[in-house]
Amino acid sequence: MCNLTNDVPQAFDWDAAAQKSVNRWDRHELNHSVVEFVAPQEYMVRPPQPLVYLFLFDVSYAAVSTGLLATSARTILDSLNRIPNADRRTRLGFIAVDSSLHYFTIPKDTDENAEPSMLVVSDLEDPFLPIPQDLLVPLTESRTSIENFLTKLPDMFQNNQNNGSCMGSALKAAHKLISPLGGKIVVLTASLPNMGVGKLDMREDKKLLGTSKESGLLQTQSSFYKSFAVECSKNQVSIDMFLFSSQYQDVASLSNLPRYTGGQTWFYPGWNAGRAEDAIKFASEFSDYLSSEIGLEAVLRVRATTGLRMSTFYGNFFNRSSDLCAFPAFPRDQCYVVEVAIDETIQKNFVCLQAGVLYTTCNGERRIRVMTLAIPTTTNLADVYASADQCAITTYFSHKAVERALSSGLDAARDALQSKLIELLQTFKKELAGGSMGGGGLQFPANLRGLPVLFLGLIKNVGLRKSAQIPSDLRSAALCLLSTLPLPLLMQYIYPRLYSLHDMPDNAGVADQETGQILLPPPLNLSSERLVSYGLYLIDDGQTQFLWIGRDAVPQLLMDVFGLSDRTQLRVGKGSVPELDNDFNERVRAVIQKSRDHLSKGVGSVTVPHLYIVREDGEPSLKLWAQTLLVEDRADQGMSFGQWMGVLREKVG
């Protein structure tokens, strides 16, 4: 990689375990592009940190009345066995938040008569820790007391009428409590922080949506959220936000906390535990989230052959110095993009890129993961085009578009995407197609033919599209997804999957005999021209699923799938397909389930998409929402795929 000859360590050709000499070319790191080493002592500034979860519960009226507090407490209680704790060092702590901070001391199980107790702090400007110990307790030693506390927590606040939320002050207090160790602050809130440090105003204004002033709503309104996040990063504290408000919650400001600390923003708009679908979705995702084996106190460095320089890094972390990215926690399901600048003329046939991550596992082991990639160089532009990866290119420009939207506004982000695509097409035409447009069409090698439709999907995504109808919280949450989703899920979010179910092949929805995996029907282009009025379709962008029932669907189809023969009896909106005893119903459910199976796409995501039942002649707003996923159609202020190709042809020509 560095083109220097280094002396190898003395025991390089010796296997200490087997006590015999070995052939060095059999060594793992010389044969595999991804290798992990157990880190020696000199890679530790301190002993490996334990896994620490500090929960900040919103206990204001909004959180109690929607059932958020009860569902969160219940889910943590049910998931205690799933939280990684193999080294028995995992610690938990709990703070409740309304207009005051409520700390809870949790005694050890050996203190027979001790009960969990609550200490209230009302000083919001400079919150202090009421007592030094018993606020962050080892799960193993206080298991019974933690269970006892979580069972009682919802009752403590069941009649709370308080509408205050001093979440900013609570975060400062949580940081003070957790910073000596590092760990995760898990915020569960249904309110806008409306008092104390980091107080936010209700700034949503429908008149600004769709105008040039809209981008102001997508930027943070208080510098506290970025500067505090950077402070957390220094102390190995990561923040995850679970946001549940039915009103404006300022996702734009709050999402800064995860953005700079290696965390994640989860958004559940209008959530209410009274709807079984809402309760089940959150409980399932939150429980899987708690069980995830994440990395802790990590740093990432990317190196390359001389002449290449890492110029920009995208993703949820803090860029500590020119090439060092700090991750207080390393989640399992996010994407990171590194832009590489070519500073000198490359003479060699190959260049090497190597990413190294130094991290602590959940179980207290310090490790180094090394990923090495060697790629051939060429002086021929045709080779560059022919070997380019359209999904990687789209991911890169998705991250750049989010950055552009937050700094210069949505118009600038959309324009930049269009001009970049035109530049790629123009260069290809001029340099490789001899300047002619044989037949007047656009030309791209086969491996890049999806780029125009992927860029159109990106421009029409809820995070970026031109519209005066999208609340800024929904937009901000979408921008978080566009800049964190792992590649397979990002592609599906930009260009969703459409499956025709009423006429799916006989093997669809049935397990493959060799692999045991359920087979999906062939995906269709996202155009309403593909929909017939008597059909049944699944549209799935990885975050939300729509089951679309055509206006002329025959009674037998409805009977088989829903157990109803009258279409007007069908309950639209969030729901599920009932389990009926017939082959077709079973296959439809299998396809819906398989389409949600992120693991089969090679992704460790915990998201369980909601399923919405949509009737073509039913609730108009629901139908419109489902149709926005058909990105090849003309919609709102967005052009159809045909119009888009026309614009590209004209500009390239």
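Buried means under 20% relative accessible area, exposed over 50%, and partly exposed in between, with a 1.4 Å probe and protein chains only. The model is predicted, so local features need pLDDT of at least 70 and side-chain atom pairs count only at pLDDT 80 or more, while totals for chains, interfaces and linings use all residues. Residues are numbered from 1 along each chain as its sequence is written, and side-chain values use heavy atoms, with hydrogens and water left out.

**Figure 1. Overview of the protein chain.** The chain holds 19 helices and 23 strands. Helices (H or I, at least four residues) and strands (E, at least two) are DSSP runs, numbered from the N terminus. The C-alpha atoms fill a box of roughly 85 × 75 × 55 Å along the principal axes. Of the 653 residues, 51% count as buried. The chain exposes about 29,500 Å², and carbon and sulfur atoms supply 50% of that area. Accessible areas come from the Shrake-Rupley method with a 1.4 Å probe; for residues, only the protein chains shown count as cover. Among contacts with a separation of 6 or more, 74% join residues 24 or more positions apart. Contact means heavy atoms within 4.5 Å.

**Figure 2. Two aromatic pairs.** Rings of Phe, Tyr and Trp (its six-membered ring) pair if their centres lie within 6.5 Å; planes under 30 degrees apart count as stacked, over 60 as edge-to-face and the rest as tilted. This rule gives 36 aromatic pairs. One of them is Phe286 with Tyr289, stacked at 5.8 Å centre to centre, with 15° between the planes. Both residues lie in helix α9 (residues 276–291), 3 residues apart, about one turn of the helix. An α-helix has 3.6 residues a turn, so residues three or four places apart point the same way. Phe286 and Tyr289 are both buried. Tyr385 and Phe444 form a tilted pair, 6.2 Å centre to centre, with 45° between the planes. This pair links distant parts of the chain, 59 residues apart: Tyr385 sits in helix α10 (residues 381–387), and Phe444 in the loop between α12 (410–432) and α13 (451–459). Tyr385 is buried, as is Phe444.

**Figure 3. A charge over a ring.** Arg27 lies over the face of Phe12, at 4.0 Å from the ring centre. The rule asks for NZ of Lys or CZ of Arg within 6 Å of the ring centre and within 35 degrees of the ring normal.

**Figure 4. An open sheet of mixed pairing.** Its 5 strands run in the order β19-β20-β21-β23-β22, and the pairing is mixed. β19 (497–500) and β22 (573–574) stand at the edges; each has a single partner strand, so one side of each is left without a neighbour in the sheet. Two strands pair if DSSP finds at least two bridges between them. Strands β21 (residues 544–549) and β23 (residues 610–615) pair in the parallel sense over 6 bridges. Phe546 stands opposite Tyr612 in β23.

**Figure 5. Helix α15 and its surroundings.** Helix α15 (residues 487–494) is largely enclosed by the rest of the structure, because 6 of its 8 residues are buried. The buried residues are Leu489, Leu490, Met491, Gln492, Tyr493 and Ile494. They pack against α11 (390–408), α13, α14 (472–482), β19 and β20 (536–540).

Figure 6. Ser253 is found in helix α7 (residues 251–254). Ser253 is buried, with a relative accessible area of 0%. Beyond neighbours within four places in sequence, its contacts are Leu200, Arg203, Gln219, Thr220, Gln221, Ser222 and Tyr225. Asn256 belongs to helix α8 (residues 256–259). Asn256 is buried, at 5% relative accessible area. Not counting residues up to four places away in sequence, Asn256 touches Thr220, Tyr225, Lys226 and Ala229.

**Figure 7. Two positive phi angles in loops.** Gln19, a residue other than glycine, has a positive phi near 55°. Gln19 lies in the loop between β1 (14–15) and β2 (20–21). Its relative accessible area is 55%, so Gln19 is exposed. Arg88 has a positive phi of about 60°, although it is not a glycine. Arg88 is in the loop between α2 (68–79) and β5 (91–97). Arg88 is exposed, with a relative accessible area of 57%.
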